[in-house]
Number of protein chains: 2
Amino acid sequence: MIKVSIIGTGNVAYHLAKEFEHSENVELIEIISRSTINNDKFLSNKQSTNLSFPKDADVYIIAVSDSAIEEVAQDLKTQNKLVVHTSGGTELHVLHHHDRKGAFYPLQTFSKLKKVNFSEIPICIEAENENDYKLLEALGLSISNNINRINSKQRKALHVAAVFVCNFVNHLYAIGQEICNQNKVDFKLLQPLILETANKILELSPIDAQTGPAKRNDTQTIAAHLNFLTNENQSLLYKTLTQSIIDYGKKL
Amino acid sequence: MIKVSIIGTGNVAYHLAKEFEHSENVELIEIISRSTINNDKFLSNKQSTNLSFPKDADVYIIAVSDSAIEEVAQDLKTQNKLVVHTSGGTELHVLHHHDRKGAFYPLQTFSKLKKVNFSEIPICIEAENENDYKLLEALGLSISNNINRINSKQRKALHVAAVFVCNFVNHLYAIGQEICNQNKVDFKLLQPLILETANKILELSPIDAQTGPAKRNDTQTIAAHLNFLTNENQSLLYKTLTQSIIDYGKKL
């Protein structure tokens with residue numbers, strides 16, 4: 001039984017706590033937040049605000065915003081315990097107040113309102129010695145089948161790539177919805193296309209899956225689309241992405 | 001039984017022909033291409049190059065590249081027959097050589113190598129009179145449950161929006177893969193994130209689903225990411241999309 005404490009009450013902390021609570025191999029000891037306890041009734045009996053005297057656990061998971069990790073790690077008073085953060089873009093040295101440190105980065109987008117199937121989520125693990133790695137691996141395997149040994153530089157690359165394939169992609173969905181709204185078309189009509197575009201890359205590499213006027217360098221359609229767009233921001237995105245696809249095609 | 005002829009041998013023509021061939025309510029009469037017959041053995045007994053003397057059908061579907069539609073429509077010699085194109089971005093008047101015209105636009109991305117579930121594909125239909133609309137509706141219902149009456153302006157909006165949520169999105173997948181390759185990380189690690197990002201918008205609007213450093217205006221992470229990217233094109237896309245997300249947030 002691995003004893004775990006979670007520090008934080010955001011989306012990642014919430015989803016990890018839920019998963020550990022349902023795992024047979026993990027005992028969730030405590031959920032610590034810095035300030036007042038969350039109003040959320042979820043696991044309220046385990047909530048604490050005391051970083052100075054945390055309960056005894058095998059692993060302390062700091063799941064707070066990147067900019068707060070170092071301060072929280074400093075305030076967390078433990079000795080010779082494994083302390084990890086869950087951040088894609090943060091180096092291990094921000095945990096320098098602790099002898100044993102690591103990263104436990106679940107590569108997924110979390111919203112409190114949306115359930116996720118944790119068993120398929122890649123968990124990217126880094127530790128400074130083999131025993132701590134094994135401990136984090138066992139912890140990861142208690143909630144996912146997709147555990148990966150990833151160093152700091154690779155984790156950072158994944159984090160940046162994730163911004164492209166998740167945050168930026170979602171913003172393009174928002175632009176698509178904006179264009180639909182402006183022209184009184186139901187955005188739902190685009191849902192099958194959105195799902196197929198995502199599913200396609202399970203079978204084809206994105207480069208082989210590329211279609212559309214930019215890929216064909218179809219200047220007539222590109223001009224017609226730019227003429228159709230009335231919003232300056234939409235036009236700028238259209239031009240920048242179209243040029244990138246054209247340039248990309250030349251490189252291949 | 002609706003008798004259909006398809007003009008064209010590209011991805012849309014191929015997938016439509018396959019679906020109609022398996023439909024009980026449609027008889028696929030002929031597949032006409034302008035030049036030499038495709039090497040493809042698919043339905044080779046139905047292939048023809050003769051646009052001047054097409055076999056008798058109820059609907060002629062021109063599924064060729066946008067820039068070729070008008071010329072093909074002119075060469076297609078029929079009288080008092082319904083002639084439609086399958087293009088999102090093309091007006092009906094390019095079919096002006098024909099008395100009865102319409103659009104039959106399947107809103108999906110097609111690759112010959114990738115199977116699609118046609119029954120969920122939105123088919124956007126336009127016709128100039130109610131009888132022709134009913135005929136196209138029946139034709140659409142023979143292969144899909146998702147038939148929509150869409151006028152030319154709405155179809156154009158959908159086509160532009162589709163470029164954002166499909167072509168541009170796929171290009172961002174390609175950039176994500178490029179970043180992974182440059183840093184020796186397996187792109188497969190991003191697949192669950194890509195699928196979840198797409199699936200999320202079935203439950204949340206893209207605006208509510210937005211996450212990431214740009215959404216939080218987390219200037220420290222944004223600077224770190226820009227510092228990490230070594231490729232000028234990646235940096236330009238990162239900056240442009242980040243600024244768009246920040247500006248979008250201010251408008252809400």
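Trainee: How many bridges join E6(B) to strand E7 (residues 123-127) of chain B, and do the two run parallel or antiparallel?

Mentor: Strands of a sheet pair through backbone hydrogen bonds, either parallel or antiparallel. Here 5 bridges join E6(B) to E7(B), and these strands run antiparallel; two strands count as paired if DSSP finds at least two bridges between them, and strands themselves (E, at least two residues), like helices (H or I, at least four), are DSSP runs numbered from the N terminus. Within this pair, Ala103(B) has Glu126(B) of E7(B) as its bridge partner. Please keep in mind that this is a predicted model, in which local features need pLDDT of at least 70 and side-chain atom pairs count only at pLDDT 80 or more, while totals for chains, interfaces and linings use all residues. Residues are numbered from 1 along each chain as its sequence is written, chains are lettered from A and ligands numbered from 1 in the order in which they are written, and side-chain values use heavy atoms, with hydrogens and water left out.

Trainee: Which strand is joined to E6(B) by 4 bridges?

Mentor: That is strand E5 (residues 82-85) of chain B, which runs parallel to E6(B), and there Val84(B) has Gly102(B) as its bridge partner. Strand E6 (residues 100-106) is mostly covered, with 6 of its 7 residues buried, where buried means under 20% relative accessible area with a 1.4 Å probe, protein chains only.

Trainee: What is the order of the strands in the open sheet, and which are the edge strands?

Mentor: The open sheet of chain B has 8 strands in the order E3-E2-E1-E4-E5-E6-E7-E8, with mixed pairing. Strand E3 (47-48) and strand E8 (147-149) are its edge strands, each pairing on one side only. Elsewhere in this order, strand E1 (residues 2-7) and strand E4 (residues 59-62) pair in the parallel sense over 4 bridges, and Val4(B) has Val59(B) as its partner in E4(B).

Trainee: How many residues of chain B are in contact with chain A, and what area do the two chains bury?

Mentor: Contact means heavy atoms within 4.5 Å, and by that rule 89 residues of chain B touch 89 residues of chain A. Buried area is the accessible area (1.4 Å probe) that two parts lose on being put together, summed over both; for these chains it is about 8,600 Å², 71% of it on carbon and sulfur atoms. Lys114(B), Phe164(B) and Leu189(B) supply 8% of the area that chain B buries against chain A, more than any other three residues.

Terms used:
Buried means under 20% relative accessible area, exposed over 50%, partly exposed in between (1.4 Å probe, protein chains only).
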